[in-house]
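Please keep the sequence at hand while going through them.

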Amino acid sequence: MSDTSEKKVYNPKEIEERYYRVWEDRGYFEIDGNKDIQEAEKNFCIMMPPPNVTGHLHIGHGLTFTLQDIIVRYKRMDGFKTLWQPGTDHAGIATQNVVEKQLLAEGTTKEEIGREAFLKRAWQQKDSSGNAITRQLRKLGVSPAWSRERFTMDEGLANAVKKSFKQMYDNGDIVRGNYMINWCTHDGALSDIEVEHEDHMGHLYHLRYPLTDGSGVVIVATTRPETYFGDTAVMVHPDDERYKDLIGKTVTLPLIGREVKIIADEHVDMEFGTGVVKVTPAHDPNDYEVGKRHNLDFITIFDEKGILNEECGEFAGMERLEAREPIMAKLEEEGFVEKVEEHAHQVGHCYRCKNIVEPYISKQWFVKKEFAKASIEKVNNGEAEFFPAHWINSYNAWMSELRDWCISRQLWWGHQIPVMYCDDCGAEFAFDGETPTQCIKCGSMNIHQDEDVLDTWFSSGLWPFSTLGWGNGDAFRNEKWFEEDMKEFYPNQLLITGFDILFFWVARMLMMGENITGKLPFKDIYLHALVKDEKGEKMSKSKGNVIDPLVMIEKYSTDALRFTLAVLAVQGRDIKLSEEKLEQSRNFTNKLFNATNYLQLNQDTFEDLDQGKIETPLGRYMLSRFNLAVKETRDYINQYRFNDAATTLYRFMWGEFCDWGIELSKASKESVPELGSIFKESLKLLHPFMPFITENLYQRLSGTELEESTSIMVMSYPKVTEIDEEIAEQFNLAIEAIVSVRRCKTLIEKGNQKIEKASIKFNKEAETALLKPFIEKLGKVEEISFVNEKLPNCVTDVSDSLETMISTENIDMSAIIGKLSKQKEKLEKEIQKLSGMLNNEKFVANAPEQVIAENRKALEEAQSKIAKVNAELEGFGA
């Protein structure tokens, strides 16, 4: 028997780095990594949600990629030709902001260095940051096809973006026009979902607008006094009796003296403020619609950077938010302010830089909302399925409110919009392939490309098929993608991502995949919840409760982090992560390690499992439990119930194998070789969840080193076979009997001591000859007899299937009875005291609710204990 020091210590850090290098170098992560076990027509594809190149691996990534890796390793072992497509996203606004900050720190700006030099810097940022995030991902033990790694702005994907844009443009799905959009004065145009609305305690300003005929004033309530320079009307509700006579009259705007008409529109809420509302069509989305209905002028009062223009008189040149105070001071001075009161309202902020977002009329590119129609229908016809199922309601609620999607961004970093304008004939045309050098209409060479770039989500919306070669041209052909990819891997079988990007990314992939390829991009959509701290609070740097996955890996091991995330991943529920739970998972790895040490005390190496060769009763029992675990684990993974699969594995490997299988083997040494084979096979079952320790223990029990042998990760996943219920039933009785005997011995204070005799009366059929040696050895009884009726003068323990009896004839019971009597006396006093307090009306009326609840619980526990003591005393005839 070998007993090397290596067996006594498991060094996860050294094992993880070593094994990962071997796996990756051998090409196990690639689509042919499992070629020897692949089965015909079984293909599986899943896309990595591409992390931002500016990113750092956070715990949300930890969850997404762990769940993806579990399913990928499972499918790979189950004979599927498996593609897990990796890559990173250029993250337009985020990356541009990072580079701009770097330039500011160096005392320059993007404008000063120019577009070309700026883009060079952005590519440098991408290279350093993108490599960092994929290095960090490897620490998680994930197994994507790294040789196929893509970047949303690589040459092939840039070609796919142009091709899809042109296709959509030619079909009339993409249009350009003056629309009211969300505008960040720092980052430019934003789509609706890039605006974060927050409650804000601001003010409601009541301004006096004089009637032009001198007959009085109307009081207008607004939260944005600085925009009144853009007012082109004042409106009241047509049914508002207070103002019926004013409709059609005009007011003169304070300070600038422009006359605007009083109009009637049902949009006005008569209950809000004074019931008189200013109309600023160029700077408010509701007023924009009113302006179109009433054919009002649209006066823009500040530029793209938020600087007030000449429409604002003496305030021209000021920043729009900074101008509020001086404007209000001037209005106050001139007598145009009625009152100012506090007012809670919602304010939109840019999701990237937190700047206040403005409604702004601008010429932009849009994808028409009708583009999504077919994908919505197909999703609702069941062609794609959400897990948990309720997410379809959120999807439908959002899609029913869909507006045209603004896809142009005023950035330099990103896919420049593939549209050319002719400076001579005014033609506009989209292109794919090489950038045109002359106008397709008049042949002029005097043409220029649109300066804006596409929304980041446009290119990531193509991710499920652009990475498979669609629209790539010849770029990366037979290197990053292959001719058969679209046929074999599209649509993808599954998408796993966080629910928070359902609309940003998932909905866009659905609409673009369906429209461009004619098929929805995936069949199943698993949306996981957020990872929160142990109290259920969202993690944030300011709260100091951020859990860094890399720190947790260092402290507890990759396997422990992965298993914890899996065991907590209940569909539809937030994950409450704590170090205590990570410790439990680390203890699990220790338990598996110790089980291996125990097996190797008896035998160095073990055969692979051949179910037909398992012959000992204990071997057959453990095989039965193993086969049940195989069935349940497979069923749960197939339903994406990762937590249930992990819990099943924990129950079988810790509770059934390590706790009982190993314990029972002490009474059946001949079963140890069989148990070793079953344990080896169960390591395959656990492998997708805990790849490193399972590989290590499998190789040890096989007497091999990974460097010289095949990896567990490309061996077949255990298949479902028949479960032997009869042997399981018998060993369940043995375990129940052992527990009962141990309990019965504690009654006579012989807890862990060996006793001469005990009797058991079964109330169901038991193979007593089979069970006897196990009960005697583990119950520490020299002789167990089996009886058909209750014996006199015994202490007894009753459980579901049996009754254990130990004779009291040769035992001095006086000390035991004395101890129980004292216990009874103490409990009676406790019950009396607690009952007195709880029956005291004054106490109940004044004591805190928690104190009363604690006392009630204590009373229940004391009553339960005294019932047991009385039963024991009665059994002893006392």
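Predicted model: local features only at pLDDT ≥ 70, side-chain atom pairs only at ≥ 80, totals over all residues.

1. In helix 8 (residues 373-380), the buried residues are Ser375, Lys378 and Val379, where buried means under 20% relative accessible area, exposed means over 50%, and partly exposed lies in between (1.4 Å probe, protein chains only). They cover an arc of only 100 degrees around the axis, which puts them on the same side of helix 8; the arc is that of the directions from the helix axis to the C-beta atoms. The elements that cover these buried residues include strand 15, helix 9 and helix 13 (502-517). Just after helix 8 comes Gly382, which takes a positive phi of about 90 degrees.

2. Residues are numbered from 1 along each chain as its sequence is written, and side-chain values use heavy atoms, with hydrogens and water left out. Helices (H or I, at least four residues) and strands (E, at least two) are DSSP runs, numbered from the N terminus.

3. Just after helix 7, Gly335 has a positive phi of about 85 degrees.

4. Is Glu319 buried or exposed? Glu319, which lies in the loop between helix 6 (285-294) and helix 7 (324-333), is buried, with a relative accessible area of 17%. Its side chain makes a polar contact of 2.5 Å with the side chain of Arg320; a polar contact is a pair of N or O atoms within 3.5 Å, and within protein one must be able to donate a hydrogen and the other to accept it, while residues adjacent in sequence count only if both atoms are side-chain atoms. If neighbours within four places in sequence are left aside, Glu319 is in contact (heavy atoms within 4.5 Å) with Gly306 and Ile307.

5. Thr66, a residue of helix 2 (residues 59-77), is buried, with a relative accessible area of 0%. Which residues does Thr66 touch, not counting those up to four places away in sequence? They are His61, Leu140, Arg562 and Leu565.

6. Two cis peptide bonds deserve a look. One runs from Phe387 to Pro388, with omega near -10 degrees, and Pro388 is found in the loop between strand 15 (385-387) and helix 9 (391-400). Another joins Tyr490 and Pro491, with omega about -5 degrees, and the place of Pro491 is in the loop between helix 12 (485-489) and strand 22 (492-498).

7. Positive phi values also occur in residues other than glycine. Ser557 has a positive phi of about 100 degrees although it is not a glycine; Ser557 is found in the loop between helix 14 (549-556) and helix 15 (558-568), and is buried, with a relative accessible area of 5%. Asn793, likewise not a glycine, has a positive phi near 50 degrees, and is found in the loop between strand 27 (781-786) and strand 28 (794-798).
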